[in-house]
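Hello,

Please have a look at it first, and then read on for what turned up.

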Amino acid sequence: MDEKMPTRRRTGDLTSGPIPRTLLLFALPVLGSNVLQSLNGSINAVWVGRFLGESALTATSNANLVLFLILGTVFGIGMAATILVAQSVGARDLPEARRIVGTSATFFFLVSVVFAVCGWIWVDAILGALGTPADALPLARSYLRIIFVAVPMMNLLSFVMTVLRGAGDSRTPFFFMALAVVLDIVLNPLLIRGIGPFPELGIAGSATSTLIGQTVSVIAILIVLYVRKHPLRLAGANLALLRPDPALLRIIVFKGVPMGLQMIVISAAALTVMGMVNSNGSQVAAAYGIAAQLWTYIQMPALAIGAAVSSMAAQNVGAGRWDRIGRIAASGVGFNLVLTGALVAVLSVFDRPVLSLFLSSDSAAIDIAVHINNVASWSFILFGITIVLFATVRATGAVMPPLIILVISVLVVRTGFAYFMRGVIGEEALWWSFPAGSISSLILAAAYYRFGRWRTMHMIEDRPAAGEPPDTGLGVPRGRAHLSPETPNG
């Protein structure tokens with residue numbers, strides 16, 4: 001039997017059935033994984049702060065910033081591989097999907113090992129560049145060195161989970177993310193304090209629990225995939241696919257780097273705004289810090305929906321189901337409005353009780369945090385729509401326009417508004433910079449979605465078109481230009 005034919009039965013099919021229901025059921029496990037990761041970080045911070053004090057908490061904060069930048073760098077490579085896998089699964093082309101998995105897995109793992117080795121060697125230089133306080137430096141060194149050892153396993157687990165999502169399976173990644181988080185949370189206090197048979201490792205114990213959780217989870221998920229004989233597993237003669245294909249690797253890197261840079265742009269803007277916030281004193285900085293903690297959770301539905309839209313749209317592009325792309329985007333926008341809007345509404349009603357979890361109820365910073373939240377939180381509904389539109393267009397290979405839009409809206413508009421308007425409206429400029437950035441990003445993203453050439457693009461040049469994009473009446477010419485690395489992303 002032709003191996004292309006049974007793909008829909010052997011992998012998650014996102015190219016048929018009711019779009020809203022399929023999208024929601026796919027997005028919910030992704031949302032669950034995001035929530036688990038955030039809770040993991042918060043609970044581990046509680047263990048470190050309670051058992052080891054403020055210096056240790058400062059050390060982990062500095063180390064986690066380094067880790068975020070590393071994960072952001074390789075994030076784009078994983079996303080590019082996910083989109084390519086999703087397109088191949090949608091086209092019912094398993095051999096092509098395995099070729100992508102083989103090349104991507106080898107490159108992803110080797111890059112992770114390079115990061116780990118370099119990080120271990122230059123850990124002091126990295127922490128020095130961050131300006132890590134002297135009292136936290138030895139603790140940060142001990143913590144970060146073990147985290148660098150964990151990086152290959154962390155990245156490999158992330159890669160396997162994103163590939164599975166591209167193949168239409170979001171539930172399996174959720175279960176193994178839960179396994180990693182539970183192990184991390186349970187082992188953290190045991191290894192920090194040396195409870196029972198466990199050694200007392202101090203702050204190194206917190207990092208070791210992360211290493212153990214990620215390693216056990218990635219080994220377990222690989223075992224399950226091979227026992228289940230997952231169609232994308234590499235076995236027998238297919239192990240030769242682990243040798244990277246230079247042409248395919250070039251496309252993955254060319255497409256992945258701009259997606260990774262999107263995270264770097266957002267991080268750079270956040271650090272810039274944080275610096276301006278700090279200039280207003282510790283009370284304002286504390287208020288902004290706890291408001292930003294809540295915004296992390298507000299953005300989770302949009303991020304999960306965006307990931308689901310990207311996988312679903314990419315499969316439908318591969319299948320030539322262009323008639324479904326617009327409806328996928330519309331469903332994603334609708335779910336974002338409902339879910340993110342509901343979170344913003346609930347938070348506006350219960351803002352004081354929630355914010356009081358972080359500070360004493362009589363703290364003056366509570367009033368400041370309430371005001372910051374009222375000014376800025378609604379803007380994340382708009383930014384959520386932008387995320388959905390970005391997810392839709394990048395499913396065809398359009399990765400540069402979203403990056404350019406983020407540079408303009410987040411780096412230029414948001415930080416520029418915060419800096420230049422301080423002389424006019426004072427610290428209010430910092431809070432209103434978020435609506436300014438979100439409005440500009442939505443306008444630009446909607447304009448590109450409406451008028452851009454993303455419908456004519458394709459990730460791999462020699463893949464036969466499964467269907468032609470329809471004449472949508474949006475001024476986009478029919479036909480598809482096969483995208484190679486040299487093709488502009490206009």
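The structure holds six salt bridges, where a salt bridge is a side-chain nitrogen of Lys or Arg within 4 Å of a carboxyl oxygen of Asp or Glu. Please keep in mind that this is a predicted model, in which local features need pLDDT of at least 70 and side-chain atom pairs count only at pLDDT 80 or more, while totals for chains, interfaces and linings use all residues. Residues are numbered from 1 along each chain as its sequence is written, and side-chain values use heavy atoms, with hydrogens and water left out.

**Salt bridges**

One of the bridges joins Asp-124 and Arg-141, whose closest N and O atoms are 2.6 Å apart. This pair links distant parts of the chain, 17 residues apart: Asp-124 sits in helix H5 (residues 123–129) and Arg-141 in helix H6 (residues 137–166). Helices here are DSSP runs (H or I, at least four residues) and strands are runs of E (at least two), numbered from the N terminus. Asp-124 counts as partly exposed because its relative accessibility is 39%, and Arg-141 is partly exposed too, at 25%. For these words, buried means under 20% relative accessible area, exposed over 50%, and partly exposed in between (1.4 Å probe, protein chains only).

Another bridge brings Asp-367 and Arg-352 together, at 2.8 Å from N to O. It also links distant parts of the chain, with Asp-367 in helix H14 (residues 364–376) and Arg-352 in helix H13 (residues 351–355), 15 residues apart. Asp-367 is partly exposed at 43%, and so is Arg-352 at 41%. Salt bridges that share partners also join Glu-96, Arg-99 and Asp-245 into one network.

Arg-321 and Asp-323 form a salt bridge as well, at 3.0 Å from N to O. Arg-321 is partly exposed, with 29% relative accessible area, and Asp-323 is partly exposed with 43%.

**Nonpolar cores**

The largest nonpolar core has 68 residues, and those with the most contacts inside it are Val-85, Leu-232, Val-309, Tyr-448 and Trp-454. Such a core is a set of buried Ala, Val, Leu, Ile, Met, Phe, Trp, Tyr and Cys residues joined through side-chain atoms within 4.5 Å. Helix H3 (residues 54–90) gives the most to this core, with ten residues. Leaving aside residues up to four places away in sequence, Val-85 touches Ala-97, Ile-100, Val-101, Val-163, Gly-166, Ala-167 and Leu-232; a contact means heavy atoms within 4.5 Å. A second, separate core of 29 residues includes Val-344, Ala-365, Phe-380 and Phe-434.

**The chain overall**

The chain has 18 helices and zero strands. Of its 490 residues, 52% are buried. Among contacts between residues at least 6 apart in sequence, 79% join residues at least 24 apart.

I hope this helps you find your way around. Do write back with any questions.

Best wishes
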